[in-house]
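Subject: Handover of a structure and notes on its features

Dear colleague,

Please find below the structure that I am passing on to you. My notes on what was found in it follow directly after it.

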Amino acid sequence: MGRFAMRRLTLIVAVCGMLAACGDTWLGENAAPPLPGKRVSILAHSKTLDADEGASKEEVILPAPENVPEWPQAGGYTPHAMYHLHLGDNLKKVWSSDIGAGGNTRRALVSQPIVADGKVFTMDAKAVVSAFDIKRGRRLWHLDLTPDDADGGSYGGGLAFDEGHLYATTGFAQVVAIDPNTGKTLWRQPTPAPVRGAPTVRGGRVLVITVENETQALSAEDGHVLWHHNGINELASLLGGTSPAVDGNVVVVPYSSGELFALRIENGTTLWSEAITAMKRTDQVTTLTDIHGLPVIDRGKVYAAGNSDVLAAIDLRTGRRLWDREVGSTQTPWIAGDYLYLVTNTPELVCIEAKTGRVRWVTPLQEWSNEEDKKGRIVWSGPVLASDRLIVASSEGEAWAVSPYTGEVIGREELPDGVRIAPIIADDTLIFVTDEGELVAYR
């Protein structure tokens, strides 16, 4: 890929921001008193969404927070619906560890960490997989997945844990099964093209999506191909990749073409398909039709956000579109109760009624490091919902807490470095991976 194209893709990835405000920090400590003088907002942009007048005025009610011991795959569990997680009120940084190579102008760090069996598993920007003790952050082992005959660099890939085994995909066009206790390679299977996103593992099948929009189902036992499915190949796409969602015997596959397919997990037969793309493209960014965030399955409905200005709810059984909104995102929607939360491309953090698609509240987010000169576009990841706060993180090195009930910013915390990968929560621990490759845990 040429230098111009790489620069263009890097710019396109930077599509989310975060609101700057003051209050009690999200770690539970008291913020410093505000400086004297008049406050001037640096959020000099207009919203593209407004709360709907027809949205319910009833109080937002969410399920009670639940402590989950694991985050075993990208997006949590295979449907990618994690609801309301438990996290302590007075969080403190308890440990940090180096996972290896971070991201830079020549390589991207895109792999979300996972948690299983008391360990945190990571993949750095050079395809090195590591295991850490979740309690203290001690590195237990590491494994370089770079093939001996590799003649160049690679980026992308990810991890999944299922039935006592660890699975990894790589930009070297391979799927690898690993012993999670020792880091020993169990089997390797080549794929037709590089895989930028993490695998999804369910029912003895390892499901991966290549950069050429081909889904392969491999045997979790030995890696042989069980079936494959093809979408439309796209010449250009966003950095990184995505992963299928699975609920029961249905696999929901997103492609960079904006296509969304529901397939039978047994044989890959197509049940239905949808296009998560807008007819009208407003700029060069939205011409990339990626479904970059993970699709989410909850109570018989699929929620998917496309970069090309479409957020849609679809009936899982029939494929009938239930509602859609003209809003684009590269992040994974977060469902909890009757509400859907999303960081948009505009950028804004929005609360949407999951049944109707009506917007409950909108919180504008900071788009630029230097708002006056419109320089330094800020990238935001998330949200995750934990103990009555939505947590998002920024490439500027800040994490923010926002009320899921009102959209009010209720706190912020400075991180060691910028963050572009969505945080995860498991075993009452909040975990970030910074751009420099630092794994940071709060508890």
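The largest cavity has a volume of about 50 Å³, and the structure holds one cavity of 30 Å³ or more. A cavity here is a set of points, on a 1 Å grid over the protein atoms alone, where a 1.4 Å probe fits but cannot get out. Grid points are joined across faces, edges and corners, and the volume is the space filled by probe spheres set on the points. Rolling a probe the size of a water molecule over the atoms shows where empty space is left.

Twelve residues line the largest cavity, and A108, D124, A125, Y155 and G156 lie nearest its centre; a lining residue has an atom within 4 Å of a point. The lining divides into seven nonpolar, three polar and two charged residues. In this division, Ala, Val, Leu, Ile, Met, Phe, Trp, Tyr, Cys and Pro count as nonpolar, Asp, Glu, Lys and Arg as charged, and the others, Gly among them, as polar.

Two remarks on the basis of these notes are needed. This is a predicted model, in which local features need pLDDT of at least 70 and side-chain atom pairs count only at pLDDT 80 or more, while totals for chains, interfaces and linings use all residues. Residues are numbered from 1 along each chain as its sequence is written, and side-chain values use heavy atoms, with hydrogens and water left out.

As to the overall make-up, the secondary structure of the protein comes to one helix and 34 strands. Helices (H or I, at least four residues) and strands (E, at least two) are DSSP runs, numbered from the N terminus. Of the 443 residues in the protein, 58% are buried, where buried means under 20% relative accessible area, exposed over 50% and partly exposed in between (1.4 Å probe, protein chains only). Among contacts between residues at least 6 apart in sequence, 55% join residues at least 24 apart; a contact means heavy atoms within 4.5 Å.

A search of the whole structure finds eight aromatic pairs. Y167 and W187 form a tilted pair, at 6.2 Å centre to centre with 50° between the planes. This pair ties together parts that are 20 residues apart in sequence, because Y167 lies in strand β7 (residues 165-170) and W187 in strand β9 (residues 185-190). Y167 is buried at a relative accessible area of 3%, and W187 is likewise buried, at 9%. Elsewhere, F121, W141 and F161 form one aromatic cluster. For these terms, rings of Phe, Tyr and Trp (its six-membered ring) pair if their centres lie within 6.5 Å; planes under 30 degrees apart count as stacked, over 60 as edge-to-face and the rest as tilted.

The loop between β7 and β8 deserves a separate note. G171 lies in this loop and is buried at 13% relative accessibility. G171 and A193 are 22 residues apart in sequence and 8.2 Å apart in space, C-alpha to C-alpha. A173 is in the loop between β7 and β8 (174-178) as well; A173 is buried at 15% relative accessibility, and its phi is near 65°, a positive value in a residue other than glycine.

Which other residue has a positive phi although it is not a glycine? S387 does, with a phi of about 45°. S387 is found in the loop between β28 and β29 (389-394) and counts as buried at 12% relative accessibility. Most residues other than glycine have a negative phi, and most peptide bonds are trans.

Cis peptide bonds are the next topic. The bond from T346 to P347 is cis, with omega near 5°, and P347 is in the loop between β23 (339-343) and β24 (348-353). A cis peptide bond also joins G382 and P383, with omega about 5°; P383 is in strand β28 (residues 380-386).

Two further residues complete these notes. T429, in strand β33 (residues 429-433), is buried at 0% relative accessibility. Leaving aside its neighbours within four places in sequence, T429 is in contact with L87, I134, I424, A441, Y442 and R443. D290 is found in the loop between β17 (270-275) and β18 (296-298) and is buried at 5% relative accessibility. The C-alpha atoms of D290 and S329, 39 residues apart along the chain, are separated by 9.5 Å.

With kind regards

How values were computed:
On a 1 Å grid over the protein atoms alone, a cavity is a set of points where a 1.4 Å probe fits but cannot get out, and a pocket is an open set with protein on both sides within 12 Å along at least five of seven lines; lining residues have an atom within 4 Å of a point.
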